[in-house]
Every structure is written in structure tokens, then in C-alpha cells.
Amino acid sequence: MIWLTPDEWAIVSLSLKVSGVAVLATLPVAYGLAWLLARRRFPGRIVLDALVHLPLVVPPVVTGWLLLILFGRSGPVGNWLEAQFGLTLVFRWTGAALAAAVMALPLMVRAMRLSIEAVDRKLVEAARSLGAGPWRAFWTITLPLSVPGIAAGAMLGFARSLGEFGATITFASNIAGETRTLPLAIYSGLQLPGAEAQVARLSIISIVLSIAALIVSELLVRRSGGSRAHVL
Amino acid sequence: MSFEVFLDHRVGERRVGLGFASDAPLTALVGPSGAGKTTVLHCIAGLRRPDRGRIAVAGIPLFDSAAGIDLAPEKRRGGYVFQDARLFPHLRVDANLRYGERLAAPDKRWIGHDEVVEFLGIGHLLDRWPTTLSGGETRRVAIGRALLSAPRFLLLDEPFASLDPARAEALMELVERIRDQLEIPILLVSHDRHEVERLASRVVTMT
């Protein structure tokens, strides 16, 4: 058993906090987007689909730069957040969470969208004919039947957030104890001479956490979705 | 009038046009497959919107394109027994039965949970999941679920299809009892002439 040093604990707990907050905050947004893309036909749907997928295909450093422009102190959104709520994102762990959230969003939306598309609309029609309005039909039929996709999306997003590097270092920078998550700490270790052992330990921790997240998501999905549902 | 249906609806290349008014307790809708029988039921239930027309059941207009009336499915209070049953797979039989019952206004209910369970002989199935039921069991639960939603009328789409003769006979007796004792208008879609002759006092043919 390898025991973690206090410094390593700090890095791991920061990583878990950043990823956890990122996923929890993104969950409703991702589900809403997934539902829109799965169930609604509207003008601009392809554009929305492309926008959601953007972080998956553009270089992460570009995503980080875009976040800097929008959410930086002088950016339109960042300025407003600071004036209204006194919330600063740049160089803070909340900024790292935002970067992780944006990078995780496409994966979460994809998993949830598939599971919403798999919910038979005929069941929703049956619920309506039994007296349920559109909202009640959503809460009692579509939502519970897409739980496997929600669980899968959340865990995939969590695993993705744990590994987030490019957008984070660009937008939130690499500040020890504030935005230095596992990948950033590994990167920092690589810049220092004689830190090979530390890099190896952090890398192993990172691999273990990611595998654990994937296995948990697979188990959750199997338990709620039967033998046919898979994340992996 | 139990059913007044005048509608014109285009589905892709196909055109479904139909007009009838029936005073019968049970009206049968017959015709070759592809004639649009299920489409008509969907229009009456509010699950499809006809391009034009007027639909009223027991004197209450549900749809009228000229008058701009189009009630939402949940406001029409039709008990629709789908051809493919459509039980909710994440709910046990009992929760399926209670789904519409819970949504029905207490003063509109005309049949109780125990009565339906007794009537349909599904007491031993209440704790089961829908996927574990046989075809006949599934259909009886679907009928029970529709009855418990306190419907003003019933739409039955091939309720006896693919059942063994004994089970089909039992279900037919059940429909006769609903027709004679409960006195709510029933519209039955069927391709079986014997079923139709036995149950319906009015037959509408689609081509």
C-alpha cells in the first residue's frame, strides 16, 4: 500500500473537488441539451449540436483561450459575474471547475442523448393518454428511463474532468493549492529536475482514479439498465 | 352520439380520410391493414393532429379545426389500450395500474382498483415486472391501466390479436361486460369478422 503524502492528498482532494463540482453543475445543463437535441426539431439545432461538440474537437488550449475572453476579469461574462456576485473564476479553483465542465460537456451530452433517444416515445404517449401532462410524463417516464445515461454521462464527465489539462492551464493557470490538479501537478513535476518519483506516484494515482470512475459508471449502468446497457 | 369522427389526415404519402357518427355502445372500425385504423384512434386520443376535421365523443368536442379546438391528450380522458400494450417497463404491474388512477379526479372515477384487479384476474401479477408477463397478461394489465384512469370512453386496438382462443374468449366476455355494465362508449379496431359481429352494433369500414 502506498500512502499519500499531505501534499499529494491536497492535490488529489483538489482534483476531486474540481471534478465533482464541474460534473454536478453541468449535469442539469447537459441533460437539458441532450433532451433538446434528442427530442426537438428546431432551427439552429445543427449549430447547437456543433457548439456542444466544439470542446471535443478544438485544441483544449483554444477552449481555454475562449474561456479567458468570455470569463476573464475584463470579459463580458466574467465582468458581470464579478459585479453581480463577486465571483472570480480566473486563477481560482472555480475557474478550473469551469474549464473541466466545458471540456466534459460534450461527453456528458452524448451519453445522455443516446439514453433519451432510447426511451420509446410511445411510452410517453401512453402516459399522456392516461392523464399525464407533458411535464409529468417527462418526470415519471423519460427521466427515470434515461437514468443509465445520466449515470454514464456523469461518470464519463468526471473521468474526463480528472484528466483535464489544456483548457485549465490556459484559463485558470497552474497555481499550487488553487488550480494545480493532478495533471497540472504531474506537468509541474516534469519541469523540475529530480522529481521523477513524484511524477510516477501522481501518475499512478491518476490512473487508479480514472479506472475507478469508469468501473463505477459501468456498474451503475449495468445495475439500472440491464445487461444491454454499457458505458465502455 | 357516442362517437362523431370526421377527419382528414395526411401521413407521408398516405391520406387517411374518414367520417362517421355512431350511437352504438360499441362501434367497430374495420378495414385492411394500412387503411389507417390506428391513425384514427391516435387522432381521437389526441396523439396525432388531423389536418382538418372534427372529433367529438359523447357530445364533447375534442378536436375541431374550424373552431380551433384541440384538447391535449391528458384532457381528453380517453382510455387507450394500444395494440402494443405500452406498459411502463420501469414500473411493476401495480404501479402501472395506479399510474392513471392517481391522476384521475376522485369524483370522476367509476371503478376501483380492487374491482379492476378482480375483474381482470390479475391479482397474482401485481408485484411482477411487465417484461415477465405473457401476451395475454400484458394485455389485461393494459386494459386495467386504461380503465383505472377513469376514462370517458375506450379505444381498443386489436385487443384480442395473437391471443390463444381461451384467453381471447375471456377477454371478449370482459369487453361485453364493460360495454353492458359500465356504459362507456367503446371504439374497437379489429380485423376479425367474428369478433366484430359478436361485439359491435355498428361497424365502420375503412378502405
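S190(B) touches L29(B), V30(B), E158(B), E195(B) and V196(B), leaving aside residues up to four places away in sequence; contact here means heavy atoms within 4.5 Å. The model is predicted, so local features need pLDDT of at least 70 and side-chain atom pairs count only at pLDDT 80 or more, while totals for chains, interfaces and linings use all residues. Residues are numbered from 1 along each chain as its sequence is written, chains are lettered from A and ligands numbered from 1 in the order in which they are written, and side-chain values use heavy atoms, with hydrogens and water left out.

S190(B) lies in the loop between β9 (186–189) and α7 (193–199) of chain B. Helices (H or I, at least four residues) and strands (E, at least two) are DSSP runs, numbered from the N terminus. S190(B) counts as buried because its relative accessibility is 0%, where buried means under 20% relative accessible area, exposed over 50%, and partly exposed in between (1.4 Å probe, protein chains only). The side chain of S190(B) reaches the backbone nitrogen of D192(B) at 3.0 Å and makes a polar contact with the side chain of E195(B) at 2.6 Å. A polar contact is a pair of N or O atoms within 3.5 Å; within protein, one must be able to donate a hydrogen and the other to accept it, and residues adjacent in sequence count only if both atoms are side-chain atoms.

Also in chain B, strand β1 (residues 3–11) and strand β4 (residues 52–57) pair in the antiparallel sense over 6 bridges, pairing being assigned if DSSP finds at least two bridges between two strands. F3(B) stands opposite V57(B) of β4(B). Strand β4(B) is also joined by 4 bridges to the antiparallel strand β5 (residues 60–64), with A56(B) opposite P61(B). β4(B) and β5(B) form a hairpin with 2 residues between them, and A58(B) in the turn has a positive phi of about 50 degrees.

Buried residues of α7(A) are A137(A), F138(A), I141(A), T142(A) and L143(A). Their cover includes α1 (6–39), α5 (93–117), α6 (121–129) and α8 (147–162) of chain A, together with α3 (93–103) of chain B.

Helix α8 of chain A contains A154(A), which is buried with a relative accessible area of 13%. A154(A) touches V23(A), L27(A) and M108(A), not counting residues up to four places away in sequence. A154(A) and A111(A) are 43 residues apart in sequence and 8.8 Å apart in space, C-alpha to C-alpha.
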